[in-house]
Each structure stands twice: as structure tokens, then as C-alpha cells.
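Subject: Structure handover

Hello,

Here is the structure for you to look over. My notes on what was found follow below it.

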Amino acid sequence: MAGERFFLIYQEASDEECLLTIQPYKNQQELAEAINHLSALQIDEYTIIKGKKMKATLKLAVDLAEAEDTEDE
């Protein structure tokens, strides 16, 4: 079984896209280097989680409804 790791979670956004990144690191030195890199990119909001490697499934649901046309008078 894999040992504990650090997971760095951060978001990058632009006018065209928004990316959520979850990156694992084996030790605190690698994590510190990654945080320094984010600082250079001016990303100052992130989350650090210490835990074991796990599998994840992303489920997304979107409800669509027909829009009603309205006229502005």
C-alpha cells in the first residue's frame, strides 16, 4: 500500500478556460518547490491535503430546460 503523500490543489483561470489541478508530492521538499512555482505564477490560493493515494471519479450533472422567449418593450 502506498504511503502518505501531500496533495496540492489549485485553480487556474483565464477568459477561455478554468483548470482545477490536483497534484501529488512525495515529500515536503517537492511540495515547497511547487508552492514557490505557484507564487511565481501569482497563484496564491491553494489547498494542501496530507493523505493516502486514492481513486476519484468526477460526476457532473447538468439540467437543461427550454428557455422562454421574452420581448422587451
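Which residues gather in a patch of negative charge on the surface? They are E12, D15, E16 and E17. A patch is made of residues with over 30% relative accessible area and no salt bridge, with like charges joined within 9 Å and nonpolar side chains (Val, Leu, Ile, Met, Phe, Trp, Tyr) within 5 Å. Asp and Glu count as negative and Lys and Arg as positive, while His and the chain ends are not counted. The place of a charge is taken as NZ of Lys, CZ of Arg, CG of Asp or CD of Glu.

Before the rest, a word on the source. This is a predicted model, in which local features need pLDDT of at least 70 and side-chain atom pairs count only at pLDDT 80 or more, while totals for chains, interfaces and linings use all residues. Residues are numbered from 1 along each chain as its sequence is written, and side-chain values use heavy atoms, with hydrogens and water left out.

D15 is exposed, at a relative accessible area of 80%. Exposed means over 50%, buried under 20%, and partly exposed in between (1.4 Å probe, protein chains only).

Strand β2 also holds T21, which counts as buried because its relative accessibility is 18%. Apart from neighbours within four places in sequence, T21 is in contact (heavy atoms within 4.5 Å) with L8, I9, Y10 and E12; E12 belongs to the negative patch as well.

There is one salt bridge in the structure, the term meaning a side-chain nitrogen of Lys or Arg within 4 Å of a carboxyl oxygen of Asp or Glu. It joins the side chains of K50 and E4, at 3.8 Å from N to O. This pair links distant parts of the chain, with K50 in strand β3 and E4 in strand β1, 46 residues apart. K50 is exposed at 55%, and E4 is partly exposed at 46%.

The segment after β3 (46-52) contains K59, which is exposed at 73%. Together with L60 and V62, L64 forms a nonpolar surface patch with about 410 Å² of accessible area (Shrake-Rupley method, 1.4 Å probe; for residues, only the protein chains shown count as cover).

Regards

Note on methods
Helix = DSSP H or I, 4+ residues; strand = E, 2+ residues; numbered from the N terminus.
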